[in-house]
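Welcome! Take a look at the structure below, and then we will walk through it together, strand by strand.

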Amino acid sequence: MFQLNNYKPTKIYKIKKKKYIFDPIRKKLILLTPEEIVRQGFIQYLINDMGVPKDLLEVYVPMSYFNPTADGRADIIVYADKDNKRVPILVVECKSQKTPFIDPVYDYEEVLYSNTIVVTNGSDLFVETWDERTNSYLPLESLPDYLNLLSAYNFIYSKREPFNYRRLRFEDYTKEENLNFYKRHFHGITDLNLQTFIINLNELLWDDTVKIPYDEMYGIKLVEDIGVRYTKFGNAAGYDWTGDYRSIIVEDEKGSNQIISIAILEGYLIVAIDNDKYSHNSLQLYIQDFVQVHGDLMLINHNGRLTLGKSGMVKFEEIISFIEEKDSKLINQDRKVRLGLIDNSKQLNWEQEDVKEFFGRLIKYALVRDDFREYKRKQLKKEDENKLFRHAFTLYFF
């Protein structure tokens with residue numbers, strides 16, 4: 001039987017003095033609320049005690065995914081595999097321990113047809129299943145484990161082997177089938193040196209069987225490597241960059257935790273940031289423009305290009321000066337952001353100093369760019385307020 005005390009969160013993260021918990025299904029930092037404690041505890045209960053495969057769980061799911069006119073979000077949905085499709089077999093509603101058992105779970109069930117429902121507040125567990133003979137819900141003394149849920153509806157359990165990414169061999173990077181596979185990542189880049197560099201970086205990032213071994217990178221504390229997640233991040237132009245990102249939780253210089261996600265998509269090196277305010281691209285570096293080939297060495301610099309929403313592009317010197325004030329070592333003598341010099345003559349690995357230096361600088365640069373965005377927004381807001389004040393003053397006195 002589920003008891004919340006057995007599943008209290010073991011690791012708490014902080015963002016600007018607020019407490020967060022890491023959701024292993026959504027792979028995001030979620031604000032720690034009484035209801036979220038119950039939800040995350042029940043997720044662990046389903047995985048560890050009830051045998052539910054992690055990839056057959058979804059959390060906080062909009063009902064509009066199933067019916068465009070449906071409202072609300074289900075806290076947890078458990079699925080079964082049937083004919084290569086996912087079929088809901090359990091819907092769970094989680095309440096804080098002080099919330100009464102009045103909930104919309106039956107409304108969700110009318111959309112999902114999962115047949116089994118659960119409501120829990122961490123101490124009490126209410127389970128019902130649909131009975132075809134009586135055409136009504138029947139209470140259960142306890143929640144069946146995953147295998148029994150499957151067998152109740154004649155679903156076959158197929159053992160799910162964990163997916164482990166297998167890296168290409170370095171000598172195979174230039175094989176035609178591999179170059180064709182990576183074609184969409186090149187996005188018009190024809191230089192074979194840059195193509196192999198893109199493959200080398202991607203193979204390093206995609207192989208999350210090897211965890212990033214550092215405690216810190218370029219002064220940024222690395223808290224946890226959470227592996228690869230398929231997700232999307234938007235930019236100022238409204239474009240969504242969707243793909244497989246290698247994500248890590250870091251602690252910035254202010255003591256706040258943020259998720260940094262890195263990918264190479266359509267010829268761009270993307271660095272995205274999740275925090276309490278934003279989930280967005282901080283940097284889009286076009287590899288053909290900002291990676292110089294010197295034999296086997298790849299020199300990566302950036303000009304500081306940054307667009308701030310509707311305000312448009314920021315002057316290069318303004319952002320460069322801001323970065324220089326934050327960390328002068330990031331700026332080279334040509335007034336460019338110096339990110340790294342990587343040896344591309346061999347397969348990249350996390351033990352290489354040039355790799356550690358590059359990713360450390362990349363992460364620091366992305367965080368500083370977000371600091372600049374926050375600084376600039378405050379500056380623009382103040383300017384707008386001053387304009388409004390001057391306008392009101394003119395109308396009143398003249």
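## Two parallel neighbours

Let's begin with strand 6 (residues 85-94) and strand 7 (residues 116-120), which run parallel and are joined by four bridges. One place to look is valine 92, whose bridge partner in strand 7 is valine 118. Keep in mind that this is a predicted model.

## The sheet around them

Now zoom out. An open sheet is formed by six strands with mixed pairing, in the order 4-5-6-7-8-9. Its edge strands, strand 4 (57-62) and strand 9 (136-140), each pair on one side only. On average, neighbouring strands of this sheet are turned by 30° against each other, ignoring direction.

## Helices on the sheet

Which strands does helix 1 (residues 34-48) lie across? They are strand 4, strand 5 (73-82), strand 6, strand 7 and strand 8 (125-131), and the helix runs at about 15° to strand 5. Helix 2 (residues 105-112) also packs on the sheet, where it touches strand 5, strand 6, strand 7, strand 8 and strand 9. The direction of helix 2 makes about 175° with that of strand 6.

## A strand with two partners

Why is strand 14 largely enclosed by the rest of the structure? Because six of its seven residues are buried.

Methods
Residues are numbered from 1 along each chain as its sequence is written. This is a predicted model: local features need pLDDT of at least 70, side-chain atom pairs count only at pLDDT 80 or more; totals for chains, interfaces and linings use all residues. Side-chain values use heavy atoms; hydrogens and water are left out. Two strands pair if DSSP finds at least two bridges between them. Axes are lines fitted to C-alpha atoms, for helices over the stretch in contact, and angles run from 0 to 180 degrees between N-to-C directions. Contact means heavy atoms within 4.5 Å. Buried means under 20% relative accessible area, exposed over 50%, partly exposed in between (1.4 Å probe, protein chains only).
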